[in-house]
Amino acid sequence: MEKFLFNATLFASALLLMVGIFRSSIPITAISLVLAVVSERLFRKKYPKKTRSYREIIAAKQKKG
């Protein structure tokens, strides 16, 4: 369900952005940008960013190789 919701909001955002640009409509463009932020939040809820320090990255590389 989350995957469908993410894809639907992303598609709707892209579609509204194109319509907003071609019709020169600021409200439609603003709605599309809000939908893009919503879809990004849905994606990051499922796949959070993994921030690591430089030392952790080097340690992981040394452990691998």
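This is a predicted model: local features need pLDDT of at least 70, side-chain atom pairs count only at pLDDT 80 or more; totals for chains, interfaces and linings use all residues.
The bridge runs between Glu40 and Arg44, with the closest N and O atoms 3.9 Å apart. Both residues sit in helix α2, 4 residues apart, which is about one turn of the helix.

Now the chain as a whole. Its secondary structure comes to 3 helices and 0 strands. Read from the N terminus, the order of elements is α-α-α. Helix α1 covers residues 2-22, and helix α2 covers residues 26-46.

What about the overall dimensions? The C-alpha trace spans about 55 × 25 × 15 Å along its principal axes. The radius of gyration is 18 Å, whereas a compact globule of 65 residues would have one near 11 Å. Of the 65 residues, 12% count as buried. The chain exposes about 6000 Å², and carbon and sulfur atoms supply 67% of that area.

Two C-alpha separations go with those dimensions. Leu16 and Glu56 are 40 residues apart along the chain, and their C-alpha atoms are separated by 42 Å. Glu2 and Arg52 are 50 residues apart along the chain, with 27 Å between their C-alpha atoms. Glu2 belongs to helix α1, and it is partly exposed at a relative accessible area of 47%.

I will take a residue from each helix.

On helix α1, look at Leu16. Which residues does Leu16 contact, once its neighbours within four places in sequence are left aside? They are Ile28, Ile31, Ser32 and Leu35. Leu16 itself is at 28% relative accessibility, so it counts as partly exposed; the cut-off for buried is under 20%.

On helix α2, look at Ser39. Is Ser39 buried or exposed? At 2% relative accessibility, Ser39 is buried. Not counting residues up to four places away in sequence, Ser39 touches Phe6, Thr9 and Leu10.

Phe6 brings us to the aromatic residues. The count is 2 aromatic pairs. In one of them, the rings of Phe6 and Phe43 have their centres 5.5 Å apart and their planes at 35°, so the pair is tilted. That pair links distant parts of the chain, since Phe6 is in helix α1 and Phe43 is in helix α2, 37 residues apart. Phe43 is partly exposed, at 32% relative accessibility.

The other pair is Phe43 with Tyr47. Here the ring centres are 5.1 Å apart and the planes are at 45°, so this pair is tilted as well. Tyr47 is partly exposed at 46% relative accessibility. Taken together, Phe6, Phe43 and Tyr47 form one aromatic cluster.

Which residues make the nonpolar patch? Leu17, Met18, Ile21, Phe22 and Leu33 do, and the patch amounts to about 540 Å². Helix α1 gives the largest share, 4 residues. Leu33 lies in helix α2. For anyone with the structure open, these are the side chains to display if you want to see the patch.

Most residues other than glycine have a negative phi. What is the phi of Ser24? It is positive, about 55°, although Ser24 is not a glycine. Where is Ser24? This residue is found in the loop between α1 and α2. Ser24 is exposed, with a relative accessible area of 65%, so it falls above the 50% cut-off for that class.

The chain has 3 helices and 0 strands, and its radius of gyration is 18 Å. Phe6 in helix α1 and Phe43 in helix α2 form a pair that links distant parts of the chain. The salt bridge joins Glu40 to Arg44, both within helix α2. The nonpolar patch of about 540 Å² includes Leu17 and Leu33. And Ser24, in the loop between α1 and α2, has the positive phi. That is what I have for today.

Conventions. Residues are numbered from 1 along each chain as its sequence is written. Side-chain values use heavy atoms; hydrogens and water are left out. Patches are made of residues with over 30% relative accessible area and no salt bridge: like charges are joined within 9 Å, nonpolar side chains (Val, Leu, Ile, Met, Phe, Trp, Tyr) within 5 Å. Accessible areas come from the Shrake-Rupley method with a 1.4 Å probe; for residues, only the protein chains shown count as cover. A salt bridge is a side-chain nitrogen of Lys or Arg within 4 Å of a carboxyl oxygen of Asp or Glu. Helices (H or I, at least four residues) and strands (E, at least two) are DSSP runs, numbered from the N terminus. The radius of gyration is taken over C-alpha atoms; the globule rule is 2.2 Å times the number of residues to the power 0.38. Buried means under 20% relative accessible area, exposed over 50%, partly exposed in between (1.4 Å probe, protein chains only). Rings of Phe, Tyr and Trp (its six-membered ring) pair if their centres lie within 6.5 Å; planes under 30 degrees apart count as stacked, over 60 as edge-to-face and the rest as tilted. Contact means heavy atoms within 4.5 Å.
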